[in-house]
Amino acid sequence: MSPGFAPQTTQLKDALRSLRYTLQKGRDAVKETAPRRLPAPASGMALSALGEIEVFARNVDHFFCNFTHSVLSDSLTNSENLREIAASSRPDYKFSVCYYVTMKLVLSHLGVKRGLVNQSACRRAFARLAQSQDVFELAAQLALHLTDDGSITIDQLDDRSPVAGSRITVVVVFAAILSLLAEADDGQREAMVFAATDIAAAVQEKIQDLYQKKDISALASLFKWCAAHV
């Protein structure tokens, strides 16, 4: 994939993901409410329509997966850390890909049932902040920016999640970036992401406090301390 094509590809992926997310959210909302509020004949019709919506949603999901993997697939590996990404020839694009792949693991590990990650927002954030010389300061700036910039939407969280719903966004962003600070090859990446996520969950109150204070220096220090324990 050429550097010139990368931004358009990222935007197209985001558009397809948003369509899939909106469709799934709407389907679930109708599924949970409509049939119960209607009399028997109408309820039956609603359930039949929901069956058709379910099939359509499944077809859209299959199309998205096949299209992105066959046409919009990324050749980048997920073994690069934040220092390597920052020193690369396409740092904003590489960051957006690695962050997205990492975030999917983080969301799953913390019991997020439905969420949407905006890869274009990740590219913009990195392009804006990558001039930072210290990798931990860069991590702190990215965490604040990506949390505030609407890079992720979460609307379903498992009751058994170790993270409080009010903190979930800032914690998952911290966990994903923390994962990218550690060095690991492809074979170790998943286990390392889960370890970083567990650490973020354990210090969630501290993360939330520093996020609310917008304390970049203290947040960078927390990243440095956590990275040493991943």
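## Terms and ground rules

Buried means under 20% relative accessible area, exposed means over 50%, and partly exposed lies in between, with a 1.4 Å probe and protein chains only. By that rule Ser-151 is buried, because its relative accessible area is 1%.

This is a predicted model, in which local features need pLDDT of at least 70 and side-chain atom pairs count only at pLDDT 80 or more, while totals for chains, interfaces and linings use all residues. Residues are numbered from 1 along each chain as its sequence is written, and side-chain values use heavy atoms, with hydrogens and water left out.

## Confidence and overall fold

Let's begin with confidence: pLDDT is the predictor's confidence in each residue, from 0 to 100. The chain has a mean pLDDT of 81, and 70% of its residues reach 70 or more. Be careful with residues 1-5, where pLDDT stays under 50. For that stretch the model has nine contacts beyond four places in sequence, a contact being heavy atoms within 4.5 Å.

The chain holds ten helices and two strands; helices (H or I, at least four residues) and strands (E, at least two) are DSSP runs, numbered from the N terminus. Their order from the N terminus is α-α-α-α-β-α-α-β-α-α-α-α. Of the 230 residues, 48% count as buried. Among contacts between residues at least 6 apart in sequence, 75% join residues at least 24 apart.

Ser-151 sits in the loop between helix 6 (135-148) and strand 2 (152-157). Its side chain reaches the backbone oxygen of Leu-146 at 2.8 Å. This is a polar contact, meaning a pair of N or O atoms within 3.5 Å; within protein, one must be able to donate a hydrogen and the other to accept it, and residues adjacent in sequence count only if both atoms are side-chain atoms. Leaving aside residues up to four places away in sequence, Ser-151 touches Tyr-99, Leu-116, Val-117, Asn-118, Ala-121 and Leu-146.

Two of those names lead on to helix 5. Asn-118 caps the N-terminal end of helix 5, with a side-chain oxygen 3.0 Å from the backbone nitrogen of Ser-120. Helix 5 (residues 119-129) is mostly covered, as eight of its eleven residues are buried. Among them are Ala-121, Arg-123 and Phe-126.

Asn-81 belongs to the loop between helix 2 (40-70) and helix 3 (82-86). Asn-81 is buried, at 3% relative accessible area, and its side chain reaches the backbone nitrogen of Arg-83 at 3.1 Å. Not counting residues up to four places away in sequence, Asn-81 touches Leu-180, Leu-181, Ala-182 and Glu-183.

Lys-214, in the loop between helix 9 and helix 10 (216-227), has a positive phi of about 55° although it is not a glycine. Lys-214 is partly exposed, with a relative accessible area of 38%.

## The cavity

On a 1 Å grid over the protein atoms alone, a cavity is a set of points where a 1.4 Å probe fits but cannot get out, and lining residues have an atom within 4 Å of a point. The count comes to one cavity of 30 Å³ or more, and the largest cavity has a volume of about 40 Å³.

The lining consists of Ala-143, Leu-144, Thr-147, Val-170, Phe-174, Ile-207, Tyr-211 and Leu-219. Helix 6, helix 7 (168-181) and helix 9 (204-213) each supply at least two of the lining residues, and helix 6 gives the largest share, three residues.

Notes
1 Å grid on protein atoms, 1.4 Å probe; cavity = no way out; pocket = protein on both sides within 12 Å on 5 of 7 lines; lining within 4 Å. Points joined across faces, edges and corners; volume = space filled by probe spheres on them.
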